[in-house]
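Open the model in your viewer and keep the selection tool at hand. The stops below say what to select and what is there.

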Amino acid sequence: MIIRKRLAAGTCVLFAALTMGLTPVGASAADNPDGQPTAAPKVELVLDVSGSMRARDIDGGSRMAAAKQAFNEVLDATPKEVELGIRTLGADYRGEDRKVGCKDTAQLYPVGPLDRTEAKTAVATLSPTGWTPIGPALLKAADDLDGGDGSRRIVLISDGEDTCQPLDPCEVARDIAAKGINLTIDTLGLVPDAKTRDQLSCIAEATGGTYTSVRHTDELTDRVGQLVDRAADPVVNPVAVEGAKECTGAPEIKPGLYTDRETFGEHRFYRVSVAPGQELRASVSVAADRAVNKDYGVLLRAVTEHGREIVRGSEAGDGRTDVISTGLRYPKPEQDDEAAAETVCLQVSNSYSAPASVKTTPGLPVELTVDVVDAPSAASDVAAFGLGRGWWLLGALVLTGFAAGVLWGWISRWRVAVWRTN
């Protein structure tokens, strides 16, 4: 038994050693290769403190009590690198003057390094009071988060519709997104009705955020905590760019992630430089952040400066969808002579249309991803059954398994021979 355990352990060690030896050393690269300090992520929690927050329909307590408990737990768990602030709406004015009530938004705790005790003390003083000026609060919150290159996120928690029309909070969110300041708005509805759910969903969709319906305190705590943590670990901050109506004069962009706005049925152009022996990879997503008519599509074309099409990618839809995407690849072959890099124009087009009652401005959100890599050789420029460069690892594992099997078989035969001898 002891011999068997030792042999099994030895085989596992051998397999692990071979596998580790084949693992690429640079698999865990630093998040910031330039060595420059990244800007701190910023989050502002925007809390509805209107009179309806007195309703006692969340786990036997009031909506306000659930919000306070959630805030206290989230503040305790906020990552130290996150700069967090708190803004309220409807917290101060108790009167009936609509004009005054629609200005009732204030910053309870400034966006910056978090003092948990001070922030909790500020939250404890809140009492459900007045109106629901969501639109004005979002405008002020965007100003609170202005400046810096780090990720920025607004988390809006409300239990009702905005009461300060005609300043439509959906239009406010679209205007914020159109500024290209990389600000995401996530919304949470406390025991929401259909109208509240539709409005909060619209706000979130306009900026690429999320909407969550909440009916229990632990759900609120978990979701707000997730959103704060997400801000601390952003994926990529897109760069705002404005495409041109023609290839001539289009902005020249480098590999990266870009955002733009495109009106219904518009064409926009961007220029990318591709050298011989490189491959251009591009993808585009267009979001329907409002109601649209059926039958639509998105087209991404790579064309020369003279308008000749090189390659295209397209996608179509029928019915309401949030995002529609397509992409393309263009490998530029190497040449014997050192030819200059080629300027490729990327054309992004859409065939969306909207009902007469829907505003068409600002345009639809566009996200464009561009990458230029070394072009694959002719021999490897195949699908490789979906494995790509993973073939080498698969081959190494097969050889390792074969070697381990042969070794185990030899040891087993030796043990049997020793047993028969004894």
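In which loop is proline 362 found? Select proline 362: its place is the loop between strand S14 (342-350) and S15. Helices (H or I, at least four residues) and strands (E, at least two) are DSSP runs, numbered from the N terminus. Threonine 361 and proline 362 are joined by a cis peptide bond, with omega about -5°.

Some notes on the model come before the next stop. This is a predicted model, in which local features need pLDDT of at least 70 and side-chain atom pairs count only at pLDDT 80 or more, while totals for chains, interfaces and linings use all residues. Residues are numbered from 1 along each chain as its sequence is written, and side-chain values use heavy atoms, with hydrogens and water left out.

**Sheet**

S10 and S15 (residues 364-374) pair in the antiparallel sense over nine bridges; two strands pair if DSSP finds at least two bridges between them. Show the side chains of arginine 281 and aspartate 371: arginine 281 stands opposite aspartate 371, which is in S15. Now select the whole sheet, an open one of five strands with mixed pairing and the order S7-S8-S15-S10-S13. Its edge strands, each pairing on one side only, are S7 (239-240) and S13 (323-331).

**Two positive phi values**

Go to aspartate 295, in the loop between S10 and strand S11 (296-303). Aspartate 295 is not a glycine, yet its phi is positive, about 65°. With 54% relative accessibility, aspartate 295 counts as exposed. Buried means under 20% relative accessible area, exposed over 50%, and partly exposed in between (1.4 Å probe, protein chains only).

Next select valine 191, in the loop between S5 and H7. Valine 191 is a residue other than glycine with a positive phi, near 45°. Valine 191 is buried, at a relative accessible area of 19%.

**Helix pairs**

Select helix H6 (residues 169-178) and helix H7 (residues 194-206). Their axes come within 8 Å and cross at roughly 10°. Axes are lines fitted to C-alpha atoms, for helices over the stretch in contact, and angles run from 0 to 180 degrees between N-to-C directions. H6 is therefore roughly parallel to H7, a term for angles under 35 degrees, with those over 145 counting as roughly antiparallel. Pro169, Cys170, Ala173, Arg174 and Ala177 of H6 make the contact with Gln199, Cys202, Ile203 and Ala206 of H7; contact means heavy atoms within 4.5 Å.

Then select helix H2 (residues 63-77) and helix H4 (residues 116-124), which pack at an angle of about 175° with axes 10 Å apart. H2 is therefore roughly antiparallel to H4. Residues of H2 in this contact include Phe71 and Leu75, and those of H4 include Ala119 and Val123.

**Cores**

Where does H2 lead next? The largest nonpolar core has 33 residues, and those with the most contacts inside it are Leu47, Ile157 and Leu220. A nonpolar core is a set of buried Ala, Val, Leu, Ile, Met, Phe, Trp, Tyr and Cys residues joined through side-chain atoms within 4.5 Å. Elements giving two or more residues to this core include H2, H4 and helix H8 (217-232). H2 gives the largest share of this core, seven residues. Center on leucine 220, which touches Ala66, Ala67, Ala70, Ile157, Leu188, Leu190 and Val214, not counting residues up to four places away in sequence. Apart from this core lies another, of 29 residues, among them Val274, Ala282, Val348 and Leu368.

Conventions
Parallel < 35°, antiparallel > 145°, perpendicular 65-115°, else oblique.
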